[in-house]
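Dear colleague,

I am handing over the structure below, together with my notes on what was found in it. Please read the notes with the model open beside you.

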Amino acid sequence: DLSMLGRPLNRVIAVQVEGDDRTLQAENCVFVKKWTMKDPNDTTLQDAIPLLVSIVMENHEDTRETIKSYEGAPILTEFARRQKEREEQMEKQRKWVPGFLKG
C-alpha cells in the first residue's frame, strides 16, 4: 500500500513485476518483467532508469497520468521508442536551422 509512504500519490512511482496483482495502486506502477539479482546479464532494472529519470526531470504534475499514457504497450519498450522518435525529430530540427540561417 503506497499510501503508507505518507507522500502525495501523484508524485510516487513504484517498479513492480508484471503479473503481480498485490499492489493497491497499480496506476502508480511501472510494470517490468521479472528480474533476478543472480543473473549478471539481467538489465531489467537498469533499463527502467531512463524512464524514471525522464519523469523526474520533466517534473510531471501527476506521475500516474504519465504512466497511463503508456497503457497498452510494454512501458520500457514504448518509452525507448518514443525517446528515439524525439531524438530523430531534434536531429531534423538541428539540420534544418543551419540551412535556414544560410538563406
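At 38% relative accessibility, Glu 85 counts as partly exposed, a class that lies between buried (under 20% relative accessible area) and exposed (over 50%), with a 1.4 Å probe and protein chains only. Before going further, please note that this is a predicted model, in which local features need pLDDT of at least 70 and side-chain atom pairs count only at pLDDT 80 or more, while totals for chains, interfaces and linings use all residues. Residues are numbered from 1 along each chain as its sequence is written, and side-chain values use heavy atoms, with hydrogens and water left out.

Glu 85 takes part in a salt bridge with Arg 81, the closest N and O atoms being 3.1 Å apart; the term stands for a side-chain nitrogen of Lys or Arg within 4 Å of a carboxyl oxygen of Asp or Glu. Both residues belong to helix H3 (residues 75-102), where they are four residues apart, about one turn of the helix; helices (H or I, at least four residues) and strands (E, at least two) are DSSP runs, numbered from the N terminus. Arg 81, for its part, is partly exposed, with a relative accessible area of 43%.

The structure holds five salt bridges, and another of them joins the side chains of Glu 91 and Arg 94 at 3.0 Å, N to O. Asp 62 forms a salt bridge with Arg 64, with 2.9 Å between the closest N and O atoms; here Asp 62 counts as buried at 16% relative accessibility, whereas Arg 64 is partly exposed at 24%.

Turning to the rings, the charged end of Arg 82 sits over the ring of Tyr 70, 4.0 Å from its centre, under a criterion that asks for NZ of Lys or CZ of Arg within 6 Å of the ring centre and within 35 degrees of the ring normal.

Tyr 70 is also one of the ten residues of the largest nonpolar core, the others being Val 30, Val 32, Ala 48, Leu 51, Ile 55, Ile 67, Ile 75, Leu 76 and Phe 79. Such a core is a set of buried Ala, Val, Leu, Ile, Met, Phe, Trp, Tyr and Cys residues joined through side-chain atoms within 4.5 Å. Strand S2 (29-32), helix H1 (44-57) and H3 are the elements that give two or more residues to this core. Leaving aside neighbours within four places in sequence, Val 30 is in contact (heavy atoms within 4.5 Å) with residues including Ile 13, Val 15, Leu 51, Ile 67 and Ile 75.

As for the chain overall, three helices and two strands are present, and along the sequence they follow the pattern β-β-α-α-α. The radius of gyration is 17 Å, well over the 13 Å that the globule rule gives for 103 residues, so the chain is more spread out than a compact globule; the radius is taken over C-alpha atoms, and the rule is 2.2 Å times the number of residues to the power 0.38. Buried residues make up 24% of the 103 residues.

With best regards
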